[in-house]
Amino acid sequence: MTISVFTTNGHTNGHAKGVKRHSKRSSELGFSTRAIHVGSEPDPATGAVIPPISLSTTYKQDEVGVHKGYEYSRSGNPNRDALERTLVGLEAGAGHAIAFASGSATTATVLQSLGPNAHVLSVNDVYGGTFRYLTRVAKETMGTESTFVDLENATDDEILGAIKENTKLIWIESPTNPTLRLIDIPRIVGLAHRAPSKPLVLVDNTFLSPFYASPLLQGADIVIHSLTKYVNGHSDVVMGAAILPSLSTPDRDYEGLVQKLRFLQNAHGAVPSPFDSWLAQRGAKTLAVRMKAHGLNALRIASFLTSHPAVEHVIYPGLASHPLHALARTSLSPHAEQFISNLPPSSLAHGIPYGGMVSFRLRGGARSAEALLPKLNLFTLAESLGGVESLAELPARMTHASIPAAEREALGIEGLVRLSCGIEEVEDLVDDLRAALDGLEDEDSGYTYTVIVSGSIRWYIALEA
Ligand SMILES: Cc1ncc(COP(=O)(O)O)c(C=O)c1O
């Protein structure tokens, strides 16, 4: 079998040793083929099909300055290089990937690359750790100024009005964490290009992963991931990456930015270990099959939740009833679009798979949510997301506790339950949720109801408490 695998990754601290060149460009291969082969070529020294883990911290030089591409493992390591090549293969439109020891280290490095006294315009419902870094670290150490705007609902004039002379970056998450607000990325890119300061547009693509969304194809300048989540996918690695397009434009010097980020990667030393890089690369090989299963399970779970009387509101942009469902559809990556268009109509009766995250609110509010979570068995009550196993959490008390209470209230985070739908048998997950919801005490659920089961049909006879 001959498969064409090469990337356009222009590493300065490694080389593409072992990368095969065959008939097809890597960008012409399908998503799963790229995930499995790009960056994971058989080892030229031994023929090992799976790349060996290179634990050495230092590399022999034949003469001073003459070496095989590696000198010291912080500045360059074969496993990190291999993972970075895989990431270039995964994130459509990418030319460069730079891996860090966590998603948070990626955030810190990108913000530091802006220099002192920059202004950042951020979506208001941003990941709690990003909010904390902007307001409590970047502000104190670099004078970074941040404005948080509801980029889902703000008008063009409001957004343009919030862009200042020193605005260097617009920070987007879509869908946001945890309220799953959807941002129209091409619209924000268009506004960024119209603004005199021409800020870069960054998309934190952690929630949808490179499978469901390709923000670089929509005009974004930087994509970041907490690889800790879907890309690694097995809840056993903490890691992050920044991914950029290959070709600079008159307004966008990507090569210059990549050089700056690589310099900071080495200077800070917040680099992932060879073993973690190897694990994340292994995880990434199954990203497509996992993301398909996450999405189908999440869609089924979201539609089940809408039918339960204890549930007040379900947020899943894949649901046809979601107010911005049309935007979810148009935001899909080419490979997700292809996956969905090949699904049988019966799978799409309630909407489309759109990542694995579902948030919902109970009629009984925060008290009810706290009562629900310990009743779940297959959904583990835990922070994080994106692993094969299902997780459930209360963002206001857990992942988003660092956001001030008044802001959490205004954003709609209070009382919200966030599910990371895993890839277990979906009916087992639905049964787990149903049993926990049915088991809520009347005072917790804000509802009094009787359940009558007749064959496969369940009737809820409900009265407001
Ligand atoms: C959307 C998002 N971005 C960034 C991060 C930070 O990543 P890490 O935990 O790998 O530092 C997280 C962590 O939960 C996240 O959810």
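## Basis of the description

Two residues are in contact if their C-beta atoms, placed from the backbone, lie within 7 Å. The model is predicted: local features need pLDDT of at least 70, side-chain atom pairs count only at pLDDT 80 or more, and totals for chains, interfaces and linings use all residues. Residue numbers start from 1 along each chain as its sequence is written.

A241 touches L87, A97, I98, A99, F100, T106, I224, H225 and L227, leaving aside residues up to four places away in sequence.

## Domains

The domain assignment gives domain 1 (26–284) and domain 2 (287–464); such bounds come from an automatic or database assignment. Their C-alpha centres lie 28 Å apart. Domain 1 gives 32 residues to the contact and domain 2 gives 35.

## Nonpolar core

The largest nonpolar core has 121 residues. A nonpolar core is a set of buried Ala, Val, Leu, Ile, Met, Phe, Trp, Tyr and Cys residues joined through C-beta atoms within 7 Å, and a residue is buried if 20 or more other C-beta atoms lie within 10 Å of its own. The members that touch the most others are I172, I188, V201, L202, A241, I301 and V358. Helix 10 (residues 287–306) supplies the largest share, ten residues; helices are DSSP runs (H or I, at least four residues), numbered from the N terminus. Both domain 1 (26–284) and domain 2 (287–464) give residues to this core, so it lies between them.

## Ligand surroundings

Around the ligand there are 14 residues, of which S102, G103, S104, S226 and T228 come nearest. A residue counts as near if its C-beta atom, placed from the backbone, lies within 6 Å.

Terms used:
A residue is buried if 20 or more other C-beta atoms lie within 10 Å of its own, exposed if 12 or fewer, and partly exposed in between; C-beta atoms are placed from the backbone. Helices (H or I, at least four residues) and strands (E, at least two) are DSSP runs, numbered from the N terminus.
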